[in-house]
Every structure is written in structure tokens, then in C-alpha cells.
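Colleague: I have not looked at this one before. Can you walk me through it?
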Amino acid sequence: EHLPALLCALPKAELHIHIEGSLEPELIFELAQRNGVALPYASVEALRAAYAFTDLQSFLDIYYAGASVLLHEADFFDMAWAYFQRAHADNVVRAEVFFDPQTHTERGIPFEVVIQGLHRACERARTELGLSCDLILCFLRHLSEDSAMATLDEALPWQHLFIGVGLDSSEQGHPPAKFARVFARCRALGLHLVAHAGEEGPPAYVREALDVLKVERIDHGVRSIEDPALMQRLATEGVTLTVCPLSNLKLGVVSTLAVHPLPMLLAAGVKVTLHSDDPAYFGGYMNANWLATFEALPTLGAAEAITLARDSLKASWVSEAQKMRWL
Ligand code: HPA
Ligand code: ZN
């Protein structure tokens, strides 16, 4: 069986990774000790055992708690550098990395501490690993649009260090249109735009992200399969959905990988790419997602793998010249 080796060897772009979701329990404990932060878990094993999620919110609660050990620039650097080394080992050649500044600024950590630590890790990944990488600032949708606007104001002196903005956190009850003004401003600033939609929220949120926020890609978007007209539109317009199978499994978006809508999306002509979302919490980085998905879905083979990998590079926000070199 050559398929697993092919999945691992293919050059891929990681377009849906929350850097705070790459914080492994071992590093959480190491940073807690280094920073004198008390954790409500006795051991790495006890913390990992708490990773039994029933839905998005039960995950987010523990994900934000884990991020509380991040205090200094070196902490953000160490987290991101650990991720880049793992991504490189999985033959990720391009990474567009989400970070959640409000998770940190709300705790009194200055924005510049967060972005400088992450940026230094990007620089090292480029020079030492040859990994093409950039940062995407995500707004937390459970907070107000005013808070997002204030975060954008804080970020503007550092605009040269991130290429786009996204929208994440609790989806239900926080439709994309809540962030219409801040996304319009980001668009005018020339930033790339993306949003989580149709993970737990309805297909209408996917439409709204496209129509109101004018995003270029949709994160997750798997609930689009409930709306045939939307599926047709995604296929016609060539909108890419950044799908995260192990995340969908662990958060109960699908009951098993065997019933994941990926084959239906592909059959409908919708552009899909595969990513890890929050690999430290969901049981694996890029290759683990690819291996588990292809193992569970035997209708997918080498041809689909090659298409998914190429489409991940095509949907990335690198120059056309760089794409030509990869494709
Ligand atoms: N969905 C929404 N918000 C998130 C996620 C996710 O999968 N991961 C980290 N923040
Ligand atoms: Zn996500």
C-alpha cells in the first residue's frame, strides 16, 4: 500500500491552523513552570485526559485556559517554532497561521509581545527550514465588533507582519454580519480575508461570510452540504473550504470520519483542502489528518490526494511566481 507514503510525501499548504491550538500539554506545563503560573491539572496526563470535547464550546473553554501560560515573547516564539518544525516534518511547504490576539490582550499581554514572538518564529522557519509562512490575525466572534475594531487599531503599527484577518471562536449566535464594518476596513487596508463559517453554524453563515464580509476562503464550511444551491455556488465561484477532519470528529461535527462529507464536496466540484485546526487538541498534525481521512474514506485514492495537495498550494496567499515554482 503506497497511499500513506504518498500522503506524507506530498508538498502541502497548511491554511487552517490556530497557533494557540498547537500548544502541546508538555509545553503548557513547561511554560507554566517557567512563568510561575498555577495550572488546575496535576500532570501532563491529567491535562490530556481533560481533552474530551462534546462540541466547539467545550473545546474553546479548555483551549483558552491552555493559552493562559503564554506571557512573554519567548513563549509565543517557542510555541510557534515547535509548530513549524512539526509542519516541516509533514512536508508542509507553506503555512498561513492564525493567531488570536484578543485571547492575550484581554489578559494584559501587549499585542506587540504576541506578534513579535510569532514573527521571530516565522523568520526562523523561513531561513532554517525553507518554510514559507505568514500570520493571519483572527478576531474572536464571541466578543463585540468594537473589541475587534480596537484590536485592529492596536495591530495597525504591525500590519507589515500579518497578511490577513480571520474570524473564529463560538460560531452559533455570532453571525459573520456582526463583523461587517471591521472586515470592510480590513478589506480597504488590502488585507486578505477569511472566516470560519458552517462548522457548527448554518449554511446561511457561509453565504453571509461571502456576501457581507467578502472573504476569499471559508474555514470549515462543511455544513454547506445541507444547502444544494450554496454547493452549486461554491463550485461555480471556486471558493475553497479549508476542512479539518480530526477537528470535525473530535468536536462532534461528524460522528465518524467514515461519514465525513469530504467525498460529497469533491463530487459536487467544491474546492476543498485538508488541515489540522488545533493539532495539539484534536490528535494530530497535517499528515495525521490526511492519513486518518484517507483510511476512513476508501473511495479516495492517489488522484484525490494529489488534487487536494495542489489545491492547498493554489488556495494559499503566496505570489503567483511562488505558486508556479510549486505547481
Ligand atoms: N472553530 C472556531 N474557533 C476556533 C476553532 C474552531 O475550529 N479552533 C480555534 N478556534
Ligand atoms: Zn479553526
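Colleague: What covers the buried residues of H10?
Modeller: This is a predicted model. In it, the cover over the buried residues of H10 includes helix H9 (180-188) and strand E5 (192-197). Strand E6 (217-220) and helix H11 (228-237) are also included in that cover.

Colleague: And which residues in helix H10 are buried?
Modeller: Helix H10 takes in residues 203-213, and its buried residues are Pro203, Tyr205, Val206, Glu208, Ala209, Leu210 and Leu213.

Colleague: Which residue follows H10?
Modeller: Lys214 does, and its phi is positive, near 60 degrees.

Colleague: Moving to the strands. Which way do E2 and E3 pair?
Modeller: Strand E2 (residues 92-99) pairs with E3 in the parallel sense, over six bridges. In that pairing Ala95 stands opposite Cys133 in E3, and Phe98 stands opposite Ile136 in E3.

Colleague: What about E1 and E2, parallel or antiparallel?
Modeller: Strand E1 (residues 12-18) runs parallel to E2, with five bridges joining them. Glu14 stands opposite Ala95 in E2.

Colleague: How many bridges join E3 to E4?
Modeller: Five bridges join E3 to strand E4 (residues 164-168), and the two run parallel. Ile136 stands opposite Gly164 in E4. Between E3 and E4 the chain passes through helix H8 (residues 145-155), and this β-α-β crossover is right-handed.

Colleague: Are those strands mostly covered or mostly open?
Modeller: E3, which is residues 132-140, is mostly covered, with eight of its nine residues buried. E2 is mostly covered as well: eight of its eight residues are buried.

Colleague: Different spot. Where does Pro110 lie?
Modeller: Pro110 is in the loop between helix H6 (101-105) and helix H7 (111-129).

Colleague: Why is Pro110 called partly exposed?
Modeller: Because it has 13 other C-beta atoms within 10 Å. A residue needs 20 or more to be buried, and 12 or fewer to be exposed.

Colleague: How many residues apart are Pro110 and Ile136 in sequence?
Modeller: Pro110 and Ile136 are 26 residues apart in sequence, and their C-alpha atoms are 17 Å apart in space.

Colleague: Now the ligand. Which residues are around ligand 1?
Modeller: They are His18, Gly21, Leu56, Asp168, Ser169, His196, Glu199, Ser247, Asp277 and Asp278. That shell divides into one nonpolar, five polar and four charged residues.

Colleague: Back out to the whole chain. How many helices and strands are there?
Modeller: The chain has 17 helices and eight strands. Its radius of gyration is 18 Å, close to the 20 Å that the globule rule gives for 327 residues, so the chain is as compact as a globular protein of that length.

Colleague: What does the C-alpha trace span?
Modeller: About 50 × 45 × 40 Å along the principal axes of the chain.

Colleague: And how many of the residues are buried, as a percentage?
Modeller: Buried residues are 47% of the 327 in the chain.

Colleague: Last one, on contacts. Of those between residues at least 6 apart in sequence, what percentage join residues at least 24 apart?
Modeller: The figure for the chain is 76%.

Key: Residues numbered from 1 in each chain as written. Chains lettered and ligands numbered in written order. Predicted model: local features only at pLDDT ≥ 70, side-chain atom pairs only at ≥ 80, totals over all residues. Near = placed C-beta within 6 Å. Nonpolar A, V, L, I, M, F, W, Y, C, P; charged D, E, K, R; others polar. Helix = DSSP H or I, 4+ residues; strand = E, 2+ residues; numbered from the N terminus. Rg over C-alpha atoms; globule rule 2.2 N^0.38 Å. Contact = placed C-beta atoms within 7 Å. Pairing = 2+ DSSP bridges. Right-handed = clockwise from strand over helix to strand, strands pointing away.
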